[in-house]
Amino acid sequence: MADSGVALAQLLEAELPVDRALKAEREAWLRASAPAGPAATTDDGPLTARDVTLAVKELLTERSVVLCEEPSNALAITSTLRMNRPGSFFSSGGSGLGWSINAAIGAKLARPDAEVIALVGDGCYVFGVPASAYWVAATYEAPMLTVIYNNSGWHSPKASTHLVHPSGAAHAADAYWVAASAGSRLADLGAAAGGAMAIRVEDRQALREALAQALACVRAGRPAVVEAMLAPTTRQSPGDRGQQAA
């Protein structure tokens with residue numbers, strides 16, 4: 001067993017019988033391929049994933065257990081939270097979606113003393129069947145805090161399309177057909193199904209107060225869902241006939 005960071009650094013420094021030109025080429029490729037870091041916070045415009053994650057980070061204690069299922073903002077979340085306590089951060093390794101809010105119930109049942117926080121995209125939240133999940137959470141007294149990163153659509157299929165066809169017709173018309181939850185009040189599903197506190201946040205100034213209120217609710221034994229409204233992933237509307245014709 002070894003610390004991967006230490007081991008990789010030692011391998012890079014070791015005088016191994018490798019082709020130096022190929023090594024330099026590989027290092028250059030890795031630097032060019034590295035994903036961009038999380039966007040900087042601003043005081044203007046819609047909430048960003050980093051805004052939300054920084055506010056969540058302020059809530060964390062030694063009792064916190066975070067379950068993350070937000071593919072579009074996974075880098076921003078992990079690089080901002082930087083969880084370093086074993087057993088304090090979990091994510092799904094599977095290809096399906098809908099894991100987080102259900103796994104959060106299991107985490108709370110397994111560790112009743114933990115403060116469980118599920119960070120979830122709007123699509124993952126819907127796939128998790130909140131009408132069932134929050135009924136179970138209330139019935140079995142397993143309250144958790146859910147934070148929805150709501151960009152009103154399915155960002156991952158848009159990103160995949162853009163990777164394959166960066167200058168294609170979908171990009172030119174912003175017609176990715178991924179708009180989904182615009183106008184929906186997703187947090188209210190948890191309230192209707194399991195009596196969860198439901199808060200929808202669009203204002204950056206209200207974000208921290210909403211999260212603190214929600215966590216206090218969880219500590220009192222009741223689930224809470226905070227729906228943070230990010231910039232929409234597309235300007236397209238599913239009912240836009242003009243774009244359908246295009």
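Trainee: Is Val 129 buried, partly exposed or exposed?

Mentor: This is a predicted model, and burial is read from the relative accessible area, where values under 20% count as buried and values over 50% as exposed. Val 129 has a relative accessible area of 44%, so the residue is partly exposed.

Trainee: Where is Val 129 found?

Mentor: Val 129 lies in the loop that runs between helix H6 (122-127) and helix H7 (130-139). Its phi is near 55°, a positive value in a residue other than glycine.

Trainee: Which value of phi does Arg 82 have, and is Arg 82 buried or exposed?

Mentor: Arg 82, which is not a glycine, has a positive phi of about 50°. This residue belongs to the loop between helix H4 (74-81) and strand S2 (89-91). With a relative accessible area of 62%, Arg 82 is exposed.

Trainee: How many residues of strand S3 are buried?

Mentor: In S3, residues 115-121, seven of seven residues are buried, and the strand is mostly covered.

Trainee: In what sense does S3 pair with strand S1 and with strand S4?

Mentor: Pairing is read from the bridges between strands. S1 (residues 64-69) and S3 pair in the parallel sense over six bridges; Cys 68 has Leu 119 of S3 as its bridge partner. S3 and S4 (residues 145-150) also pair in the parallel sense, over five bridges, and Ala 118 has Thr 146 of S4 as its bridge partner.

How values were computed. Residues are numbered from 1 along each chain as its sequence is written. This is a predicted model: local features need pLDDT of at least 70, side-chain atom pairs count only at pLDDT 80 or more; totals for chains, interfaces and linings use all residues. Side-chain values use heavy atoms; hydrogens and water are left out. Helices (H or I, at least four residues) and strands (E, at least two) are DSSP runs, numbered from the N terminus. Buried means under 20% relative accessible area, exposed over 50%, partly exposed in between (1.4 Å probe, protein chains only). Two strands pair if DSSP finds at least two bridges between them.
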